[in-house]
Amino acid sequence: MADAATGAFTPTLRLGVTGLSRAGKTIFITALVHNLLTGGRMPGFTPLAEGRFIGARLAEYPDATIPRFTYEQHLDALTGKHPAWPEGTRRISQLRIVLKFQSRNWYSSLRGPSTLNLDIVDYPGEWLLDLPLLGLSFAEWSAEALERARRPGSGKEATPFLDQLAAIDPLAEANDPDAERLATAFTDYLRRSREHGALSTLPPGRFLLPGDLEGSPALTFAPLPAPSHTPRSTSLYAMLEHRFEAYKAQVVRPFFRDHFARLDRQIVLVDTLRALNAGPAAVADLETALTSVLSCFRQGETNPLLRPFARRIDRILFAATKADHVHHTSHDRLQAILNRLVSNATKRARFAGTDTRSMALAGIRATHEGSISEGGQTLNAIVGTPIEGEKLDGMTYDGKTEIALFPGDLPERPDSLFEDGNPVALNFLRFTPPQELDRNASGDVVLPHIRFDRALDYLVGDWLA
Ligand code: GDP
């Protein structure tokens, strides 16, 4: 894009930020923008460490039809009188931040400072996992979805939907109330299986996070068993098949074409600690979800319908978020566990050609470290204020009291998790955001983080070289 004042060309880096609901996207982006705008404490961010980072400012996003990431609102919530976590991502949003820096390149630096438009695209991971639908017919998707719903493990969550399904005749004349009842029961099943432990998610993603499509007919379908003979065009089967195709054509494909396929870099945030805390089944589930995510990143190459649109993502960072829930002695271990999950998933998705990396980080650190003595032993502890209503060992916290907690240790060798399916005993509580924050010389709030600067360096640093 040509700069009106200087006529110079400003390159644009489009960074996608995704992860399933509550993985930490909103917090990560708020920290990213604030740290860049205020030159936060980021020794691991090379352009800043080398004294070449000059500054950043927010700019108008070129596409006025896409909601803006409400950075100011989120920062206010976090740094106001009563700091609270802001509401998480519910739909796609974007923000442009213009970075000014001195290039390392002798020739470029002769022309004075350089600029880069960093476009941040925040979108629900649930939507990403819809991409495989593009390659499936209604009959194929229905067969897969019903097989999953009928698996013994899905019993409790899926029963009300399967009961509804048994009560209707897909070959009968279509009517909206039947379609709505089925779609509602199917959505409830997806929601419940997500809440009751399953970390991965079942498409269609908009059933869980509808964005602006809440209540629209595009979301009023459900899988149906294969009919015994060709359904009439006025049957319920034909109606739902038509809606499924409309969902693909009008929801999934435009999302891919207009947003996803234009990304240059991607960070996938993963609440790895939550999975570890929930046990081996959740860890296995997480690995399946990571495999699906990686296959989505291959869709642009492998799906002939999409190939013309796809730009190549050259780096993907997988980040285990909320690392401040464990002591720093476990940060490398957390990173190693995620790395192990990602490399297994990489093999399963036969994914190659893009640089991937795993890190453990906290966009905003809500705890500090201390120690506690127990039975003559000194244990590494984290210190923070549990959110009101959090419970552990028969205690319910009031949201005001700071405590020291032994969070548990992660295994030294990630392999041990996979060899014997050992559960990791973690003490896991959600903490309030930091209640008192330092300020820098310009009076800006400084947000504490863990390894956030290294993540930023991997994602953006080389574009500022
Ligand atoms: P999103 O749904 O992916 O946008 O998730 P959010 O960014 O809203 O994060 C969900 C919740 O996770 C927040 O409300 C916080 O409670 C917690 N969280 C996110 N990032 C951090 C972090 O760096 N440290 C801590 N302690 N909690 C975090």
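Arg232 sits in the loop that links α9 (205-208) to α10 (236-258); helices (H or I, at least four residues) and strands (E, at least two) are DSSP runs, numbered from the N terminus. This is a predicted model, in which local features need pLDDT of at least 70 and side-chain atom pairs count only at pLDDT 80 or more, while totals for chains, interfaces and linings use all residues. Residues are numbered from 1 along each chain as its sequence is written.

**Around Arg232**
- Arg232 counts as partly exposed because it has 14 C-beta neighbours inside 10 Å (20 or more would be buried, 12 or fewer exposed, with C-beta atoms placed from the backbone).
- Leu171 is 61 residues from Arg232 in sequence, yet their C-alpha atoms are 7.3 Å apart in space.

**The sheet**
- Seven strands make an open sheet of mixed pairing, ordered β2-β3-β4-β1-β5-β6-β7; two strands pair if DSSP finds at least two bridges between them.
- β2 (53-59) and β7 (355-360) are the edge strands, each with a single partner, so one side of each lacks a neighbour in the sheet.
- From one strand to the next, the twist averages 20° (axes are lines fitted to C-alpha atoms, for helices over the stretch in contact, and angles run from 0 to 180 degrees between N-to-C directions).
- β1 (residues 12-18) and β4 (residues 114-122) pair in the parallel sense over six bridges, and Arg14 stands opposite Asp119 in β4.

**The ligand**
- The ligand is surrounded by 20 residues, and the closest are Lys25, Thr26, Ile27, Trp85 and Gly88 (near means a C-beta atom, placed from the backbone, within 6 Å).
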